[in-house]
Amino acid sequence: MTGKSRLARLYDGWNASLRARLVTLSVAPLLVAFPMIIAIMVLVGGASFDRQLSVNVFGKVEGMRNYLDHVGARSIDYLKQQATSDRITTLLAAYFSTKNHGNELAETLKSIAQSEQFDFLIVGDRSGKVIASSIDSQRGRTLPETFVTRQARTGLPAWAYEVLGEQQLQAISPALAERARIESEGKIEDRGLLINFAVHFPLSSRYPDTFLFGGIMINRNSGLIDYIRDIVFPINAQIGSLSGSTSVFLDDLRIASNVRTSGGHRATGTRASDDVVRDVLGAGKTWAKHAFVVDNWQISGYEPLRDGDGKIIGMIYAGFPEAPYVREKWLLLGSITLLLALSMLTLTILHLRSAQQLTRRLRTISDAMTALRHGNHAVRVGELGGHDEITQLGGDCDTLIVTLAEQEQAQRQYQAQIIEEISLRRALFNNVRDGIVVLNEDGSVFEANQRFAEMLGYDPEEVLACHAWDWEETTREETLAALGAITRSGATHQRKQRRRDGSRFDAEISATRIEYGESRFILCLEHDITERQRLSDELERHRDHLRELVDARTRELEKALREAKQANQAKSEFLANMSHEIRTPMNGILGMTEVLLESPLSAEQRDHLQIVKASGDALLTIINDILDFSKIEAGRLELEHIAFNLPDLMQSLVARQQQAAKAKGLALQLGLAEDLPPTVIGDPIRLGQIVTNLLSNAIKFTAQGSVTVVVRNDGINQDKQARLHFAVTDTGIGITPEKRRSIFDAFVQSDSSVTRRFGGTGLGLAISRELVAHMGGTLDVDSELNHGSCFRFAVDFPIPASSDIVMQQQDGATVPKTAPPGKDSDSATTTTARWNILVAEDNKINQRLISAMLTRSAHTVTLVSTGHEVLARMATEHFDVILMDLQMPELDGLETTQRIRAEEAASGKHQAIIALTANALVGDKERCLAAGMDAYVAKPFSRQELLQALAKVIETANGALRANTSAYKA
């Protein structure tokens with residue numbers, strides 16, 4: 001009992017004395033926290049120090065590896081310089097011409113090897129025979145077959161770490177084989193680890209196919225390993241000596257090392273531990289740990305060494321002694337511990353003094369509050385000294401004493417205000433326009449306003465005696481269930497209400513459950529919606545009538561839409577038939593004209609044929625304009641998004657119009673802003689079509705003066721898109737203000753006399769405007785009659801990142817691969833390849849035309865007229881490509897292609913097929929490609945267009961065949 005009461009007294013004293021608690025808390029960090037901090041610092045700081053040493057040794061191993069790689073790279077660069085210099089190639093040529101300069105060539109190799117510290121340097125022929133050597137390699141001896149010699153024979157310079165056996169070393173030099181021998185645990189390791197490098201001499205008629213082969217042996221190479229150590233481990237200013245060592249291993253055997261045994265000898269011939277062998281040689285990992293190396297503890301790092309084929313053939317090692325760093329670690333931790341102890345002792349003393357002052361000031365505040373509790377409102381804490389939180393607390397206590405007196409006065413005023421507000425709310429409650437009723441949970445009326453009583457036909461006093469089922473169209477049980485389902489979130493519904501006299505009316509009721517203290521109520525707001533319901537019913541009747549009118553009108557519009565679609569389909573079928581029927585003879589006219597122009601003609605005949613060709617081209621342009629406009633009307637115009645060279649495209653477009661401008665004596669000029677991006681992403685074909693239309697019109701309607709094309713860069717937005725502004729300006733006839741809007745309509749020119757004077761369909765500007773709109777821009781015009789016009793538009797073009805540009809080689813330089821019109825190469829027309837071509841065409845004129853175009857390039861042409869003949873020919877002959885017409889008797893081109901592709905699905909082969917057809921409307925190209933054709937050429941076509949299409953398809957087919965063959969071999 002005595003012990004328990006003493007413990008209780010101590011507990012009471014602890015709770016009663018703030019000063020005792022503050023003193024205890026001041027001393028506790030020094031007695032408890034300080035030892036824990038020291039323990040954590042030793043554990044965490046020591047572990048962090050060890051990790052830093054591991055990171056350091058990793059850096060040393062990496063530095064050693066980088067230097068060895070640098071030796072190999074530098075050596076191969078030096079060999080490439082020597083292989084192209086006159087110093088060796090002149091002696092090599094002299095040796096093969098006279099056979100008298102072998103010793104001089106060997107002495108030169110020996111001089112180079114000594115200056116570069118190579119262990120050997122050998123010239124070998126294609127079969128690997130020694131021609132000349134810097135060491136005692138016998139002339140004519142066969143060099144060992146290694147990774148670098150294989151690479152060099154194929155013309156590729158190479159260097160690599162390589163392991164050569166005793167016989168391979170003997171083939172190079174017996175002295176090299178003797179130097180490689182290392183004794184370890186009673187066994188002899190006779191293999192050698194070398195840094196080998198080889199280059200191929202440039203091909204020359206002065207000497208046969210030869211290569212230059214050299215190497216540096218690492219076995220027992222003390223100079224190399226010591227130099228690496230000096231680079232990786234410079235003298236440590238704190239340690240005062242060389243603080244590390246390096247080694248190179250062949251498998252697990254040290255073959256070059258400056259690690260010393262206890263006797264002071266190099267540790268060459270010792271082996272790595274089992275852990276290192278397992279992790280580095282076995283798993284190919286980098287290894288860094290605290291380990292026992294030869295005769296002392298080291299911070300050690302190992303990294304695998306791989307040959308040219310990626311096989312692990314050895315390791316490299318770098319390490320430094322642990323002891324000096326351990327001493328440094330403990331000295332540092334001891335210094336920090338002492339500093340921390342002094343700091344905590346000082347803080348404890350300061351905290352004890354602060355606690356004494358704190359309790360004194362708190363006692364002053366406590367005495368003041370005790371006086372206040374006894375009713376002394378005149379008491380004040382007064383000044384406590386200082387500006388801290390306790391001083392602020394004393395001030396707050398004084399403020400509290402004043403505030404309590406003021407609140408007592410304010411409370412009396414507030415009570416008077418509450419009484420007044422209750423009276424105001426009662427007035428509002430009774431005079432609101434909607435009925436308000438408050439129900440108890442049993443359905444009885446707790447409170448109701450005057451408007452609610454009037455709506456039901458009761459006096460205000462009478463309604464207080466009612467229940468909800470007295471005016472609801474439900475039973476007592478149903479009403480109570482509905483009231484119980486109402487939540488605090490409330491609900492709104494419409495229902496019939498019954499008046500006192502039995503009449504009914506429509507009401508909208510909003511009911512909410514409310515809680516006030518321990519009581520629960522249902523608050524209902526009722527609004528008479530009889531008039532609104534009448535208007536709603538009338539509106540519904542009007543809505544039904546309007547729906548009937550809309551349905552009738554919809555049926556009329558659907559009928560008109562069907563008729564319009566039928567008319568549009570008829571127009572499309574007419575355009576398709578007319579296009580086919582016009583393009584077929586046009587193909588014959590233009591094609592045969594081109595063939596004749598390439599034959600010997602008199603000047604008059606050539607002039608007449610050029611007129612025929614120009615007229616045919618003009619007619620073809622009209623047909624193409626009509627087809628483009630048909631695509632735009634059908635909403636099936638699609639734009640390409642490819643990278644192209646903008647300056648090249650603009651220069652090509654202007655160059656095409658130079659002849660027409662020159663013929664009229666006009667100056668045609670091109671202005672390109674200096675900040676134009678060289679490469680943008682867009683549709684170069686359609687952009688070229690727009691500019692060509694504008695240029696053609698400008699030249700056509702300008703009798704004298706000039707035509708100028710300007711392209712400027714209006715800035716790059718945050719999406720990496722350049723806003724490019726194009727303007728075509730002429731000094732021609734100009735356009736009247738009232739005609740400027742209509743010139744962009746289809747089949748419209750500025751006036752009818754212009755059509756007779758200058759010709760044209762009036763489609764060019766309409767098509768150009770739609771193309772610009774598809775690109776996101778607007779085509780506008782500024783013009784003054786008899787003073788010229790300026791057509792302009794601005795379009796955003798994405799600028800490709802460098803990795804997005806498809807690159808190709810042209811004339812030895814790498815440029816973006818673009819597709820501007822007019823930049824196609826003529827290689828297809830001048831190629832020396834000879835192809836076997838099957839032509840499926842039922843029109844005899846087209847057969848003769850295609851045969852004439854292809855046989856001029858010495859291609860073999862086989863003519864058939866139906867799809868059945870195509871299938872029969874393919875069963876017995878091989879063709880490089882098939883030119884397939886679509887409309888053929890018996891079996892058309894599309895079905896023939898589908899049958900061919902179905903047979904290829906089982907065989908894995910692919911026959912190149914090009915659609916050659918006069919069908920050039922919207923969807924014709926897509927139908928051909930969907931049927932399995934590789935390309936599409938529309939009639940009429942030129943010989944160059946046909947040969948380019950053939951070259952592209954055959955090149956693609958051959959590339960796919962090579963890829964399949966490579967994959968099969970792999």
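The accessible surface of the protein comes to about 53,400 Å², and carbon and sulfur atoms hold 53% of that area. The model is a predicted one, and of its 970 residues 40% count as buried. Its secondary structure consists of 26 helices and 31 strands. Among contacts with a separation of 6 or more, 62% are made by residues 24 or more positions apart.

From these totals we can turn to the second largest pocket, which holds about 460 Å³ of space. The elements that give two or more residues to its lining are helix H11 (389-431), strand S14 (445-448) and strand S16 (504-516). The largest share, six residues, comes from H11. The lining as a whole includes Ile418, Glu421, Ile422, Arg425, Arg426 and Phe429, together with Val438, Phe446, Glu447, Ile514, Tyr516 and Phe521. Sorted by class, the residues that line this pocket are eight nonpolar and four charged, with no polar residue present.

Is Ser865 buried or exposed? Its relative accessible area is 17%, and because the cut-off for a buried residue is under 20%, Ser865 counts as buried. Setting aside the neighbours within four places in sequence, Ser865 is in contact with Glu841, Asp842, Lys844 and Gln847, and also with Met888 and Pro889. With one of these residues, Gln847, the side chain of Ser865 makes a polar contact, from side chain to side chain, at 3.3 Å.

Gln117 is found in the loop between helix H4 (102-116) and strand S1 (120-125), and its phi is near 60°, a positive value in a residue other than glycine. Glu890, which is found in the loop between strand S29 (881-884) and helix H24 (893-907), has a phi near 70°, again a positive value in a residue other than glycine.

Notes. Residues are numbered from 1 along each chain as its sequence is written. This is a predicted model: local features need pLDDT of at least 70, side-chain atom pairs count only at pLDDT 80 or more; totals for chains, interfaces and linings use all residues. Side-chain values use heavy atoms; hydrogens and water are left out. On a 1 Å grid over the protein atoms alone, a cavity is a set of points where a 1.4 Å probe fits but cannot get out, and a pocket is an open set with protein on both sides within 12 Å along at least five of seven lines; lining residues have an atom within 4 Å of a point. Grid points are joined across faces, edges and corners, and a volume is the space filled by probe spheres set on the points. Helices (H or I, at least four residues) and strands (E, at least two) are DSSP runs, numbered from the N terminus. Ala, Val, Leu, Ile, Met, Phe, Trp, Tyr, Cys and Pro count as nonpolar, Asp, Glu, Lys and Arg as charged, and the others, Gly among them, as polar. Buried means under 20% relative accessible area, exposed over 50%, partly exposed in between (1.4 Å probe, protein chains only). Contact means heavy atoms within 4.5 Å. Accessible areas come from the Shrake-Rupley method with a 1.4 Å probe; for residues, only the protein chains shown count as cover. A polar contact is a pair of N or O atoms within 3.5 Å; within protein, one must be able to donate a hydrogen and the other to accept it, and residues adjacent in sequence count only if both atoms are side-chain atoms.
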